[in-house]
Amino acid sequence: MDKHGPTPSVDFVITFSVAPEGSDKAKATQAIEKEYADLLGVLKDAGLEATGRGGAQGTDTVLIFVRATEARVQAEIHRERMSDWLNGVASTRPSPRTPRDFSAEPIHQSERLRLVYAILTSARTGTNVSITSSASAGSTAGLTPLPSPPSFPHVRAIFPPHDLAFNASWLEKWSSRSHIVSIPPEELTSIKDHFGETVALYFAFLRSYFIALVFPAGIGLLFWIAGLAYSAVYGVAIVAWSTIFIESWRLKERELAVQWGTFGVHKVEVQRPEFKGECAVIDPVTGVEEEFFPWWKTLGRQLATIPVLLVFATVLACIISVIYSIETIVGEVYSGPGKRYLTSHANSLTLKVFALNFFVAFGSLLLTSYVYIPFGGFIVPYILSFIPEHSAKFGSGTSFTINSSKLHTQIVAYTLTNQITGAFVELGVPAITRLLTKKVAEVRHGHDKDAVVDDEDEKAFLERVRNEASLPPYNVFADYAEMTLQFGYLTLFSVIWPIAPVWSFVNNFFELRSDAFKLTSQSQRPIPTREASIGPWLEVLGFITWFGALTNASLVYLYRPHLSHTSVTSSLLSSLSGTNLTAVAGPTNGNGTICPTSNMHVAQNSSTSPVASIQATLFSALLVALATEHGYLVARVCVRFILERLSWRGSDADVRIRGATHELRKAYLDEMGLREGPVKLAERSGKLDEAKVVDDAEERVKADGKFWGRQDGGLSEIRRRTKVD
């Protein structure tokens with residue numbers, strides 16, 4: 001409740017632009033007024049209540065507040081739940097016996113908003129459809145695509161207003177001491193009921209990922225204290241952890257899908273309103289008319305994109321290489337004015353992450369690992385020989401010393417510095433931008449005589465909604481991308497700096513809460529959607545783990561030192577065990593430089609042919625990586641097999657899925673009165689009397705009577721064969 005009165009019950013807010021376009025302002029205004037009136041009429045025909053209020057000053061908009069009637073919501077609820085049941089969508093709801101069973105469970109906010117949004121955006125229709133379909137149960141508004149749908153081009157956006165009471169309760173709980181160690185699972189169900197399954201799945205994933213980071217953070221801290229960079233044991237442990245985490249999450253999301261009633265929801269997936277087929281066809285199962293587009297044409301279009309993707313991938317790889325080369329030369333050779341700003345590593349990495357995204361982030365580390373450190377001493381002088389200022393020096397054969405700590409510096413920047421700056425960019429920059437925008441608007445329109453004057457009992461509510469209208473939509477894709485990128489750094493490269501998982505663990509403790517704050521305070525309330533999985537992100541994580549097996553094996557082979565030395569850790573273990581234990585030698589100092597006893601360093605300093613030695617070493621690393629990949633594939637199959645039987649087989653979710661079809665058929669037998677014994681069923685069908693007639697037939701008695709009437713000979717045969725002479 002706002003401080004000036006109760007908060008109106010509103011499902012959605014439509015942002016409608018009233019800025020006239022063209023030279024004839026009067027005619028344009030008249031057209032806008034007609035469009036606005038037509039829109040209200042369409043909303044009313046769809047069973048929606050609508051009323052308008054002025055938008056924020058300087059925006060030239062009207063806010064249309066929309067609420068669905070309870071009668072329309074109930075019709076949609078019954079349609080969707082019937083459709084789910086008929087299509088076998090697994091749910092905790094029991095099979096219905098009466099129409100009232102479809103409304104036995106309460107209607108959650110996310111469910112209501114999702115259905116109302118479907119009414120607003122589904123293609124225009126004025127007829128009732130079959131309850132077995134996944135379409136709307138009545139007239140719809142057709143406000144799609146956004147912004148500017150064809151029928152109503154001045155519609156700019158549709159969003160649901162935030163529930164301040166829920167938001168405040170959520171943030172208060174997650175900031176309390178009781179939620180410091182872990183977020184209770186029931187909190188996820190509450191998020192699902194309010195924001196929908198897609199948002200709830202993200203927070204469930206982030207919670208599981210945060211808990212799972214305890215293991216790599218613990219062993220990473222131990223290996224870092226012991227000075228064991230590029231450790232084979234750590235590399236195996238991190239790949240094993242990532243494999244177990246992904247396979248465990250695969251089962252966890254399946255369990256949540258059953259618990260939340262979305263397992264198999266793809267069976268009732270509604271076609272996108274923007275989808276346009278070649279023709280309309282009748283679904284042979286549901287009898288519903290649907291847009292149809294031939295699969296072979298879809299495949300042809302997909303195949304046609306492959307050459308384009310390859311071209312863009314090549315161009316992107318070239319851009320990355322050029323940027324990397326310039327950064328390397330500026331950072332390690334250039335010493336003129338402005339170097340302090342040109343070599344700002346954190347800014348450089350942040351720019352590359354946001355500008356060239358996922359591929360660039362990993363590409364930079366891969367270039368350092370497999371190109372710069374092995375061949376930098378030869379490539380950099382060759383490039384500098386074309387620059388006039390350095391051609392004389394490096395063209396005469398002057399050697400170039402590579403920065404062997406570059407790989408360590410990069411992973412520190414990505415996993416520590418970049419996470420700190422990323423948090424500021426994600427939360428601080430938007431808040432500052434909105435504050436400045438608001439101040440500028442107040443200065444420009446503070447004394448506007450045409451400013452909207454709100455009723456006192458609506459003023460606080462309208463001011464809040466106008467503020468929400470200026471917020472950006474919530475983008476769960478960006479949050480998944482951020483976590484996937486972090487997972488990639490840990491799985492692919494944390495063997496370089498084992499303490500990296502510790503900083504990710506700390507970051508994600510705050511990420512859980514900052515994402516909740518961002519969702520409730522710095523973005524519009526998301527449109528609830530139903531999902532049973534995190535979708536392609538799961539496959540992306542699986543690919544990263546597979547690639548991590550390759551990078552960990554090759555990095556350990558290339559840069560792991562071969563000599564042993566006595567350390568504080570090894571001395572302590574030796575005294576406790578009574579045996580001589582030594583630890584693998586780490587870097588010669590604390591700056592992350594490559595150890596002089598590693599395979600790569602030995603190859604670079606070969607007395608015969610350094611280039612040939614480096615190439616042979618890289619080829620050997622490739623063979624080691626490929627062998628490790630085969631081991632990973634076998635391990636993944638074993639982990640999936642074991643977890644499937646330990647955590648899934650026989651679980652409540654598994655029983656419910658396997659029992660769904662059985663329950664459906666059993667309910668049908670109950671309804672038809674066929675739940676009887678086999679003898680009774682045979683008697684009711686009339687076949688039992690027919691069978692007795694056949695058994696008593698005179699012809700059969702005459703034909704078979706002698707055979708069946710003779711004494712059983714089996715017992716006498718057994719006695720004869722077992723008789724002892």
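Glutamate 76 and arginine 79 both lie in helix α2, 3 residues apart, about one turn of the helix; helices here are DSSP runs of H or I of at least four residues, strands are runs of E of at least two, and both are numbered from the N terminus. The structure is a predicted model, in which local features need pLDDT of at least 70, side-chain atom pairs count only at pLDDT 80 or more, and totals for chains, interfaces and linings use all residues. Residues are numbered from 1 along each chain as its sequence is written, and side-chain values use heavy atoms, with hydrogens and water left out.

**Salt bridges**

The side chains of glutamate 76 and arginine 79 form a salt bridge, a term that requires a side-chain nitrogen of Lys or Arg within 4 Å of a carboxyl oxygen of Asp or Glu. Glutamate 76 also forms a salt bridge with arginine 72. These two residues share helix α2 (residues 70-86) and stand 4 residues apart, about one turn of the helix. Glutamate 76 counts as buried because its relative accessible area is 2%; buried means under 20%, exposed over 50%, and partly exposed in between (1.4 Å probe, protein chains only). Arginine 72 is likewise buried, at 10%, and arginine 79 is buried as well.

A further salt bridge joins arginine 53 and glutamate 458. This pair links distant parts of the chain, with arginine 53 in strand β2 (residues 48-54) and glutamate 458 in helix α14 (residues 456-469), 405 residues apart. Arginine 53 is partly exposed because its relative accessible area is 28%, whereas glutamate 458, at 19%, is buried.

| Salt bridge | N to O distance |
|---|---|
| Glutamate 76 and arginine 72 | 2.9 Å |
| Glutamate 76 and arginine 79 | 3.0 Å |
| Arginine 53 and glutamate 458 | 3.0 Å |

The structure holds 22 salt bridges. A network of salt bridges links Glu80, Asp84, Arg114 and Arg530.

Glutamine 486 is placed in helix α15 (residues 476-493) and is buried, since its relative accessibility is 5%. Its side chain makes a polar contact of 3.0 Å with the side chain of asparagine 508. Such a contact is a pair of N or O atoms within 3.5 Å; within protein, one must be able to donate a hydrogen and the other to accept it, and residues adjacent in sequence count only if both atoms are side-chain atoms. Apart from neighbours within four places in sequence, glutamine 486 is in contact (heavy atoms within 4.5 Å) with Tyr209, Leu213, Gln419, Ser504, Asn507 and Asn508.

Glutamate 644 belongs to helix α20 (residues 610-648). With a relative accessible area of 16%, glutamate 644 is buried. Beyond neighbours within four places in sequence, glutamate 644 is in contact with Leu251, Arg254 and Arg649.

**A nonpolar surface patch**

Phe424, Val425, Val429, Ile432 and Leu436 form a nonpolar patch on the surface, with about 430 Å² of accessible area together. Phenylalanine 424 lies in helix α13 (residues 406-445) and, at 48% relative accessibility, counts as partly exposed. Patches consist of residues with over 30% relative accessible area and no salt bridge, nonpolar side chains (Val, Leu, Ile, Met, Phe, Trp, Tyr) being joined within 5 Å and like charges within 9 Å. Areas come from the Shrake-Rupley method with a 1.4 Å probe, and for residues only the protein chains shown count as cover.

**Confidence**

The mean pLDDT of the chain is 79, and 73% of its residues reach 70 or more; pLDDT is the predictor's confidence in each residue, from 0 to 100. Over residues 127-134 the value is below 50, and this stretch has 22 contacts in the model beyond near neighbours in sequence. Residues 579-591 also have pLDDT below 50, with 34 contacts beyond near neighbours in sequence. Where pLDDT is low, the predicted coordinates should not be read in detail.
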